[in-house]
Amino acid sequence: QVQLVESGGGLVQAGGSLRLSCAASGRVYEIVSMGWYRQAPGKQRDLVATISSGGSTNYEDSVKGRFTISRDNAKNTMHLQMNRLKPEDTAVYFCNAITQWSGPTADYWGRGTQVTVSS
């Protein structure tokens, strides 16, 4: 089992910045990939960015050049630096971890942190 706890959400004006953090605990040595997803009211949960255990990153097109995902393996934490925020970035942001040890992969989710961008 892996436990994920997000922090860093809040209310910010358009053009501002926020830094989200995700703290992982439990069987963190099984984590092969982590990522951030977001879900706006009435919409599905969508990918924002992912980072592999080796540091390879992937971003959703609308956040490229504005958001930066990073990972501190020694501290078992992941961050999402969000710059030049837009009202359409408003959503609940969820931390995700994919684990694999000796069998199939497993998905773990945090409870989410609210990000609200005012215009």
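Is Glu-60 partly exposed or buried, and what is the relative accessible area of Glu-60? Glu-60 is partly exposed, with a relative accessible area of 27%. The legends below describe close-up views of a predicted model.

**View 1. Glu-60 and Arg-38 form a salt bridge.** The closest N and O atoms of the two residues are 3.9 Å apart. Glu-60 lies in the loop between strand 6 (57-59) and strand 7, whereas Arg-38 belongs to strand 4, so the pair ties together parts that are 22 residues apart in sequence. Arg-38 is buried, because its relative accessible area is 13% and the buried class covers values under 20%.

**View 2. Arg-38 also meets Asp-89 in a salt bridge.** The distance from N to O is 2.9 Å. Asp-89 sits in the loop between strand 8 and strand 9 and Arg-38 in strand 4, so this pair ties together parts that are 51 residues apart in sequence. Both Arg-38 and Asp-89 are buried. The side chain of Arg-38 makes a further polar contact with the side chain of Ser-62, at 3.3 Å. Among the residues that Arg-38 touches are Gln-44, Asp-46, Val-48, Phe-67 and Tyr-93.

**View 3. A network of salt bridges links Arg-38, Glu-60, Arg-66 and Asp-89.** Side chains of opposite charge can pair when their charged atoms come close. The count for the structure comes to five salt bridges. One of these joins the side chains of Asp-61 and Lys-64, at 3.1 Å from N to O. Asp-61 is exposed, with a relative accessible area of 59%, and Lys-64 is partly exposed, at 48%.

**View 4. Glu-6 is buried yet has no salt bridge.** Glu-6 is part of strand 1 (residues 2-7). The nearest side chain of opposite charge is that of Arg-45, 7.3 Å away; a salt bridge requires the nitrogen and oxygen atoms to lie within 4 Å. The side chain of Glu-6 instead reaches two backbone nitrogens: that of Cys-95 at 2.8 Å and that of Arg-111 at 3.1 Å. Residues in contact with Glu-6 include Ser-21, Cys-22, Trp-36, Tyr-93 and Gly-110.

**View 5. Tyr-29 and Trp-101 form an edge-to-face aromatic pair.** The structure holds two aromatic pairs. In the pair shown here, the ring centres are 5.1 Å apart and the angle between the planes is 75°. Tyr-29 lies in the loop between strand 3 and strand 4, and Trp-101 in the loop between strand 9 and strand 10 (106-109), so the pair ties together parts that are 72 residues apart in sequence. Tyr-29 is exposed, at 51% relative accessibility, and Trp-101 is exposed, at 57%.

**View 6. Tyr-37 and Trp-109 form an edge-to-face aromatic pair.** The distance from centre to centre is 5.0 Å, with 70° between the planes. Tyr-37 belongs to strand 4 and Trp-109 to strand 10, so the pair ties together parts that are 72 residues apart in sequence. Trp-109 is partly exposed, with a relative accessible area of 36%.

**View 7. The largest nonpolar core contains 29 residues.** Leu-4, Met-34, Trp-36, Leu-80, Met-82 and Tyr-93 touch the most other members of this core. Several strands each supply at least two of its residues, including strand 1, strand 4, strand 8 (77-82) and strand 9 (91-99). Among the contacts of Leu-80 are Leu-18, Leu-20, Trp-36, Val-48, Ile-69 and Tyr-93.

Technical notes:
Residues are numbered from 1 along each chain as its sequence is written. This is a predicted model: local features need pLDDT of at least 70, side-chain atom pairs count only at pLDDT 80 or more; totals for chains, interfaces and linings use all residues. Side-chain values use heavy atoms; hydrogens and water are left out. Helices (H or I, at least four residues) and strands (E, at least two) are DSSP runs, numbered from the N terminus. Buried means under 20% relative accessible area, exposed over 50%, partly exposed in between (1.4 Å probe, protein chains only). Lys and Arg count as positive and Asp and Glu as negative; His and the chain ends are not counted. A polar contact is a pair of N or O atoms within 3.5 Å; within protein, one must be able to donate a hydrogen and the other to accept it, and residues adjacent in sequence count only if both atoms are side-chain atoms. Contact means heavy atoms within 4.5 Å. A nonpolar core is a set of buried Ala, Val, Leu, Ile, Met, Phe, Trp, Tyr and Cys residues joined through side-chain atoms within 4.5 Å. Rings of Phe, Tyr and Trp (its six-membered ring) pair if their centres lie within 6.5 Å; planes under 30 degrees apart count as stacked, over 60 as edge-to-face and the rest as tilted. Lists of a residue's contacts leave out its neighbours within four places in sequence.
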